Amino acid sequence: MYNRDTIAAISTPCGEGAIGIVRLSGSNALKIISTLFKPKNKNSWKKKKTHTLHFGTLVFKGIELDEVVVSLMKSPNSYTGEDIVEINCHGGWVILSKILEAVCAMNARLAEPGEFTKRAFLNEKLELSQAEAVVDLIKAKTDTAAGIALKQLKGTGYKKIKQLNTALIECMANIEANLDFSDQNLDVEPVSKTVKRLEKIKTALEAMIENARKANLFKLGLHITIVGRTNVGKSSLANRLMKNRKIIVTSLPGTTRDVIEEVINICGIPVVIADTAGIRKHSGKIEEIGQRMTREKVKVTDVVLAVFDLSRRFTPDDKEIMRHIRGKTGILLFNKSDITCRMNKNRLKSEFPHWPEVEISAKTGRNIKRLKEEIYKLTVGDSPVELEETFISNIRQLEALKFAYISVKDALKALKKGFPEDIAAIEIKEALNSIGKITGETTDEEILTSIFSKFCVGK
Ligand SMILES: Nc1nc2c(ncn2[C@@H]2O[C@H](COP(=O)(O)OP(=O)(O)OP(=O)(O)O)[C@@H](O)[C@H]2O)c(=O)[nH]1
Ligand SMILES: [Mg+2]
């Protein structure tokens, strides 16, 4: 299925470090290293046992390149399933490049991004969803995202997908048996039983989709935008939430002119939080540009934090804000709760009945923790995410799961309405096809190439 030539890459990040690794995988990996490596302990090197480490010098065209430790992992018990050699050298870019050059001169080829993992998949060392988990793990931005990727990599969820697959095949077999032998008095399961089985599968798919939606939140994160009229304390709130930034705060309305963003961690969700220019009617040219940017930002954000100043009466600018945030998902924030309250909140609450509200003080930090909890509740929900159950963690897999769900629903509808049973059979086949896309059984070459291109070189 693929060219078994030997691939090579620098597997450690660019820059200076104590150790750097050049990795080789393929049928010539052992031959190449045997030519370049002068071991200190010749006897142990001669045996070339799998999963062993060897200290020595790397020499190319009579020139010593570096003192290295070579690790050997022989086929089939290696990451790729092929012979793998890892050359652990000193972590300077010049040394690493020279070693890479040397191995390529010995007939290895530079690896494409993700090619090591692609070979692991093609050699059935990993399911496709597990291979994707490798890249998720590398790119995880929070502990929770890393935890989900690790679960996926360990393949716990894969069993669930397999169970689903088996259950669908059983339904398919029953329907086919009904079609083929219904007139032969054989002991074939009645359609009503298949309907029950399909109902169960549908429920399982619903739970998986909901869990996958949540898992994606932890992986892909959220965009949250702080909006409000000028001087309500948006930047003060942003400073409370952001760790590494101090946005200018003054008592002058119109202080913030730009959209200022930073990635923060809210209960394990990576959140891009944006502070924006305050909205007000009579403002200068620069502020107007800022306000336009605020409006654009609100359109694309996932969650709006609408800030109002509890110590002032409701103003026409507040009303303007309400116009912009209508129809969005968000939280009403009543800031400056540390001073006398003059605002009547009822009007806002009645216009946004589904938005949670929190009284905060950006100045004292009052209820900032509660605000984070409300953000979590609004996006993830009340029930905790079952990491054990979470194994679908990217959009591609989630889409495949949704397609499987639609097909199962349509199959059920067909059976319940008494349509010819081959219609249900076609739908179940479709569902099986979609499930196969998650594991990689029915994924075409183009999609595989696109998946593995997301990896870094050397992985
Ligand atoms: N008492 C009190 N004052 C606050 C609180 N939050 C902000 N302030 C004050 O309100 C003023 C405006 O704060 P900012 O954070 O700059 O307000 P902003 O909404 O970003 O203002 P613009 O950038 O002009 O739109 C400053 O003087 C802050 O110190 C609060 O919770 N309590
Ligand atoms: Mg500001």
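I sorted the residues of the shell around ligand 1 by type and got five nonpolar, 14 polar and four charged. The model is predicted, and I read the shell with that in mind. The shell holds 23 residues. I listed the closest to ligand 1 as Gly-233, Ser-235, Thr-256, Gly-278 and Lys-363. I then looked for the element that gives the most to this shell, and found helix H9, residues 234-241, with three residues.

Next I looked up the domains. The protein chain is divided into domain 1 (7-127), domain 2 (139-217 + 394-439) and domain 3 (226-379). I noted two segments for domain 2, 139-217 and 394-439. Between the centres of domain 1 and domain 2, taken over C-alpha atoms, I have 42 Å.

Last, the helix pair. I took helix H5, residues 128-139, and helix H6, residues 143-154. Their axes come within 8 Å and cross at roughly 155°. An angle over 145 degrees counts as roughly antiparallel, and H5 and H6 are therefore roughly antiparallel to each other.

Which residues of H5 meet H6? I wrote down Ser-129, Gln-130, Ala-133, Val-134, Asp-136 and Leu-137. On the H6 side I have Ala-146, Ala-149, Leu-150, Gln-152 and Leu-153. I sorted the residues of this contact of H5 with H6 into seven nonpolar, three polar and one charged.

Methods. Residues numbered from 1 in each chain as written. Chains lettered and ligands numbered in written order. Predicted model: local features only at pLDDT ≥ 70, side-chain atom pairs only at ≥ 80, totals over all residues. Axes fitted to C-alpha atoms, helices over the stretch in contact; angles between N-to-C directions. Helix = DSSP H or I, 4+ residues; strand = E, 2+ residues; numbered from the N terminus. Parallel < 35°, antiparallel > 145°, perpendicular 65-115°, else oblique. Contact = placed C-beta atoms within 7 Å. Nonpolar A, V, L, I, M, F, W, Y, C, P; charged D, E, K, R; others polar. Near = placed C-beta within 6 Å. Domains from an automatic or database assignment.
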